[in-house]
Amino acid sequence: MEKWRMTHRFIRHSSKLLFDHRSNLSSHNFVTAPVFGFQRYFRREECNFRRYFGSAATVIERNTSFSTLNSDDVSYFKELLGEKSVVEDEDVLLTANTDWMRKYKGSSKLLLQPKTTHEVSQILKYCNSRCLPVVPQGGNTGLVGGSVPVFDEVIINMGSMNNIISLDKVSGILVCEAGCILENLISFLDNHGFIMPLDLGAKGSCQIGGNVSTNAGGLRLVRYGSLHGTVLGLEAVLANGDVIDMLGTLRKDNTGYDLKHLFIGSEGSLGIVTKVSILTPPKLSSVNLAFLACEDYFSCQKLLVEAKRRLGDILSAFEFLDNQSMDLVLNHLEGARNPLPSSMHNFYVLIETTGSDESYDKEKLEAFLLSSMEGGLISDGVLAQDINQASSFWRIREGVPEALMKAGAVYKYDLSIPVEKMYDLVVEMRIRMGQIARVIAYGHLGDGNLHLNISAPQYDDTILAQIEPYVYEWTSEHKGSISAEHGLGLMKANKIFYSKSPETVQFLPLLRTCRAREH
């Protein structure tokens with residue numbers, strides 16, 4: 001009878017640089033970090049710089065082969081871009097030098113805001129001739145220290161290149177500049193009957209060029225796949241100023257190497273992406289969202305298997321968070337409310353479906369939820385009745401990073417792990433951390449992406465020693481990846497060997513070597 005009451009609740013509420021990481025360098029005790037167009041090598045020896053760079057209070061020094069900015073350089077950029085696009089204001093630079101987590105901070109004295117591909121080309125051509133290090137920057141929402149300077153690199157901010165160039169309303173192919181904010185693209189497409197295949201919690205700030213350069217995954221990868229599948233072409237500028245035009249809009253093109261894939265996920269290390277063409281799916285009329293409770297992780301796994309099997313073509317998102325994540329959000333995120341207030345559960349799952357037949361889709365989802373309830377996979381749940389309630393559900397899942405920032409210091413790990421093993425790491429980390437820190441886990445269960453977070457009042461070497469290198473070693477041992485969607489950045493620049501073989505890593509510099517031999 002009690003099970004029927006819980007099941008009935010569903011029905012009642014229904015409605016709706018290419019990194020040269022340590023290749024042949026380990027014996028010299030170097031760590032490398034990505035700066036577009038140049039390799040920065042830093043000795044782990046005594047120097048005047050000491051900062052937290054994810055893996056320790058890493059001691060690094062600036063590569064002395066790089067030039068330093070002078071007044072002649074600034075004058076050149078002002079003549080090229082105009083004074084308003086050459087920023088020396090200390091307050092603006094403070095923001096641009098600091099990452100979203102306030103964990104990485106550079107000391108750049110200059111920020112450039114090009115408006116065209118030609119201007120980006122001329123900037124890089126000049127910097128290359130002067131050996132001035134640069135760092136490309138989009139919305140600066142990265143979490144691994146890849147979008148801010150390490151020292152005094154010139155910041156090339158792409159935000160002024162924010163034009164939508166075209167939308168083919170037959171094929172759904174969008175062409176735009178790299179500085180377009182993701183949320184603006186989502187709104188534009190929505191007005192024309194299409195959707196972006198990419199959706200992120202940071203969509204209000206992140207830019208499509210940065211999304212492509214980090215191969216961002218997001219909430220709906222389970223439905224639409226990665227950007228390697230949806231990006232049809234791009235334009236990029238190399239370190240010497242050469243413009244590479246790969247801005248195709250064809251679904252099929254087998255004329256030689258598909259070079260765009262080298263730039264997707266390269267984190268600005270091969271070139272600065274300036275334009276993107278992307279395939280956008282048609283907007284479908286029927287969207288349903290369920291917020292569910294499960295009592296154990298095995299039930300979450302089983303629910304995922306059954307959702308793929310029974311919802312199939314309409315399944316568009318499958319997200320999870322544990323009770324520690326829910327507790328954190330409810331205590332630190334203003335306006336957040338528990339959709340299942342009667343009690344706290346061990347795990348929560350969000351299932352979204354997207355289709356074209358509202359009655360069929362809802363009936364299919366409700367039948368799946370009823371079966372899952374009767375089978376014991378779900379202990380409670382509710383369907384969003386309208387768009388406002390759906391937004392409040394997503395607010396909980398997307399609000400975890402913000403809640404973590406408000407709670408204090410956070411060590412973030414973005415891992416791909418086989419789904420059946422994913423939560424084992426969380427359990428082991430809670431044993432390791434004991435009472436010194438909280439372990440918060442959530443992520444994209446539909447594609448095996450765990451966001452592991454260690455939350456503490458402040459950063460502490462003792463805490464870090466309990467986390468690293470254990471997290472990386474465990475992930476490597478279980479055939480996972482130390483970066484699912486955030487990239488390597490500075491935080492994991494010398495950790496690539498945990499996910500890639502030495503032979504693979506040694507092959508990467510050959511691409512740049514071949515390019516250099518052509519000039």
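Me: Rings of Phe, Tyr and Trp (its six-membered ring) pair if their centres lie within 6.5 Å; planes under 30 degrees apart count as stacked, over 60 as edge-to-face and the rest as tilted. Which residues form one aromatic cluster?

Reply: This is a predicted model, in which local features need pLDDT of at least 70, side-chain atom pairs count only at pLDDT 80 or more, and totals for chains, interfaces and linings use all residues. Residues are numbered from 1 along each chain as its sequence is written, and side-chain values use heavy atoms, with hydrogens and water left out. The members of one aromatic cluster are Y297, F320, F347 and Y423.

Me: What is the angle between the planes of F320 and Y423?

Reply: The structure holds 13 aromatic pairs. F320 and Y423 form an edge-to-face pair, 6.5 Å centre to centre. The angle between their planes is 75°.

Me: How many residues apart in sequence are the parts that the pair of F320 and Y423 ties together?

Reply: Helices (H or I, at least four residues) and strands (E, at least two) are DSSP runs, numbered from the N terminus. F320 belongs to strand β15 and Y423 to helix α15 (residues 422–433). The pair therefore links parts whose separation in sequence is 103 residues.

Me: Is Y423 buried or exposed?

Reply: Buried means under 20% relative accessible area and exposed over 50%, with partly exposed in between (1.4 Å probe, protein chains only). F320 has a relative accessible area of 0%, so F320 is buried. Y423 has 8% relative accessibility, and therefore also counts as buried.

Me: Which helix does the aromatic pair of Y413 and Y472 tie to strand β18?

Reply: Y413 and Y472 form an edge-to-face pair, 5.9 Å centre to centre with 70° between the planes. Y413 lies in strand β18, so the pair joins parts 59 residues apart in sequence. Y413 counts as buried at 3% relative accessibility, and Y472 does so at 0%. The helix that holds Y472 is α17 (residues 470–477).

Me: In what order do the seven strands form the open sheet?

Reply: Two strands pair if DSSP finds at least two bridges between them. The pairing in this sheet is antiparallel, and the order is β17-β14-β16-β15-β19-β20-β18.

Me: Which are the edge strands?

Reply: The open sheet is made of seven strands. Two of them pair on one side only. These edge strands are β17 (380–383) and β18 (409–416).

Me: What angle does the direction of helix α11 make with that of β19?

Reply: Helix α11 (residues 323–332) packs on the sheet and touches β14, β15 (315–322), β16 and β19 (438–444). Contact means heavy atoms within 4.5 Å. Axes are lines fitted to C-alpha atoms, for helices over the stretch in contact, and angles run from 0 to 180 degrees between N-to-C directions. The direction of α11 makes with that of β19 an angle of about 100°.

Me: How far away from C176 is the nearest cysteine sulfur?

Reply: A disulfide is a pair of cysteine sulfur atoms within 2.5 Å. The whole structure has zero disulfides. C176 is in none, and its nearest cysteine sulfur, that of C180, lies at a distance of 4.4 Å.
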